[in-house]
Amino acid sequence: MKPLFPILILLFAFSANVTNVSFHQEGNKVIILYDLDRQADVSVYMSTDGGRTFGGALQHVTGAVGKNVPAGAGKRIEYDALAEYDKLQGEDFVFKVKASSLLENATVNGVPFEMVLVQGGTFTMGATSEQGSDAESDERPAHSVTVSDFYIGKYEVTQAQWRAVMCSNPSHFKGDDLPVECVSWNDVQVFIRNLNALTGKTFRLPTEAEWEYAARGGNRSAGYKFSGSNYIGAVAWFINNSGGKTHPVGGKSPNELGLYDMSGNVCEWCSDWYGSSYYGSSPSNNTQGPSSGSSRVLRGGSWFSDSGYCRVSNRDYDNPDLRDDGIGVRLVLVP
C-alpha cells in the first residue's frame, strides 16, 4: 500500500492529560494512539505546512474522539483522510490532538473546586452587534483581544468553598450551594492567598478580558447577548425571576463552555482596575487593564440587576472595599 503522506509528523497538544502519542497507517486510514489521564473532549487537527497553521477539527475521525472520552491508555483514533480530502498535497503533514477537560483535583477540606479549561483565542471585546442599543459608552470601541489558555470556575465560588478556606461565611443569603456574597475585592485577595497555600496551586481573579471571553463561550462562542443564550431567562437569575435572592449555582443552563451563572445571580470581581475610556487604548494581547485606579471591575450582573446589566459585554465597577449581597467571585486557575 502506498503511504498516504510522503512525510508524516505527529504533534500532540500542550495538554497535561494527553501523552504517549503515536501513529501508523492501516490501509487508507491513519491510526493515532494516545493516553488520556482524565475524561475530556478530544479533537484532532491537521497541518499541511509543518505545523505553522492548522485547519478546523477533522470530521472523518472515529474512535476515542469527541465528547467525554474516558481516561485510559492506548486510546485509538482512526482518520479516513481520503474521505475528507479528494487529494492531499504537501510534504509536511502534522497532526495535533487536543483534549479539553475539567480539572477536579483541587480540594480543600473535602470541598472540590471544579474548573473548566478555556482554550485561548482571539475575540472581539465590547459593544459587538448583538449587544444592540443596550451597549454603553465604556463598552466602546469594540476591539480585538487575544487571551492565552486558562482554567475558570465552572460556578461562582460557593459558601461551602469559602468556608472551607476561610472558616467563616460572610453571606447574607445562607446556603452551602449558594454563591458566596458580601465579599469585597480585598477580601477575595485574602481568600486566594489562603487557597493557594492550602492547595499549592495558583488561583487568581480573571482579567476582564478573560472573563468576557469565557462568558461569550470562548472558541465555541455562538455570539449570544447573554452568557449562553439570547433569552436571559434560560441562563440567568435576575430581577424578573430571582424572587429577591440568590439561587444555588448551576440552576440555569450553561454557556457553550459549560460555565454557569456568568449572567446574573451575583456580580463577579475581576482583577482589573476600571477605566471608562480604557478600550480606546487597550493592548490586544492578554490585556491586564489600567495600571491604576480607584475602582475594580465587576462583571455579569446579579439577582437584582435588570437584563442590560447581565449582558456579556456590560461593565460595572466599585470600590475594592465594598461588600454587597449582590457581589461574589469566580476564580481562574493558572495552567
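**Burial, strand pairing and backbone geometry in a predicted model**

At 6% relative accessibility, Met46 counts as buried, where buried denotes under 20% relative accessible area, exposed over 50%, and partly exposed the range in between (1.4 Å probe, protein chains only). The structure is a predicted model, in which local features need pLDDT of at least 70 and side-chain atom pairs count only at pLDDT 80 or more, whereas totals for chains, interfaces and linings use all residues. Residues are numbered from 1 along each chain as its sequence is written, and side-chain values use heavy atoms, with hydrogens and water left out. Met46 belongs to strand β4 (residues 40-47), and its C-alpha atom lies 7.2 Å from that of Leu58, a residue 12 positions away in sequence.

For the protein as a whole, five helices and 19 strands are assigned, helices (H or I, at least four residues) and strands (E, at least two) being DSSP runs numbered from the N terminus. Along the principal axes, the C-alpha atoms fill a box of roughly 70 × 45 × 35 Å. Of the 335 residues, 51% count as buried. Among contacts (heavy atoms within 4.5 Å) with a separation of 6 or more, 69% are accounted for by residues 24 or more positions apart. The protein exposes about 14,400 Å², of which carbon and sulfur atoms supply 48%, the accessible areas coming from the Shrake-Rupley method with a 1.4 Å probe, and only the protein chains shown counting as cover for residues. The mean positions of the 28 positive and 37 negative charges are 3 Å apart; Lys and Arg count as positive and Asp and Glu as negative, while His and the chain ends are not counted, and each charge is placed at NZ of Lys, CZ of Arg, CG of Asp or CD of Glu.

Strand β3 (residues 29-36) is mostly covered, with six of its eight residues buried, and pairing is described for it with two other strands, a pair requiring that DSSP find at least two bridges. With strand β2 (residues 18-26), β3 pairs in the antiparallel sense over seven bridges, and His24 stands opposite Ile31 of β3. β2 and β3 form a hairpin with two residues between them, and Gly27 in the turn has a positive phi of about 60 degrees. Strand β7 (residues 72-80) also runs antiparallel to β3, to which it is joined by seven bridges; in this pairing, Tyr34 has Lys75 of β7 as its bridge partner.

Helix α2 (residues 159-166) is largely enclosed by the rest of the structure, because six of its eight residues are buried, namely Gln159, Ala160, Gln161, Trp162, Ala164 and Val165. In helix α4 (residues 208-215), eight of the eight residues are buried, including Glu208, Glu210 and Glu212 together with Trp211 and Tyr213. Just after α4, Gly217 takes a positive phi of about 100 degrees.

The peptide bond from Arg140 to Pro141 is cis, with omega near 0 degrees, and Pro141 is located in the loop between β11 (121-125) and β12 (143-147).

Lys245 is placed in the loop between α5 (232-235) and β15 (267-273) and is partly exposed, with a relative accessible area of 42%. When residues up to four places away in sequence are not counted, Lys245 touches Phe173 and Trp303. Lys245 and Gly120, 125 residues apart in sequence, are 34 Å apart in space, C-alpha to C-alpha.
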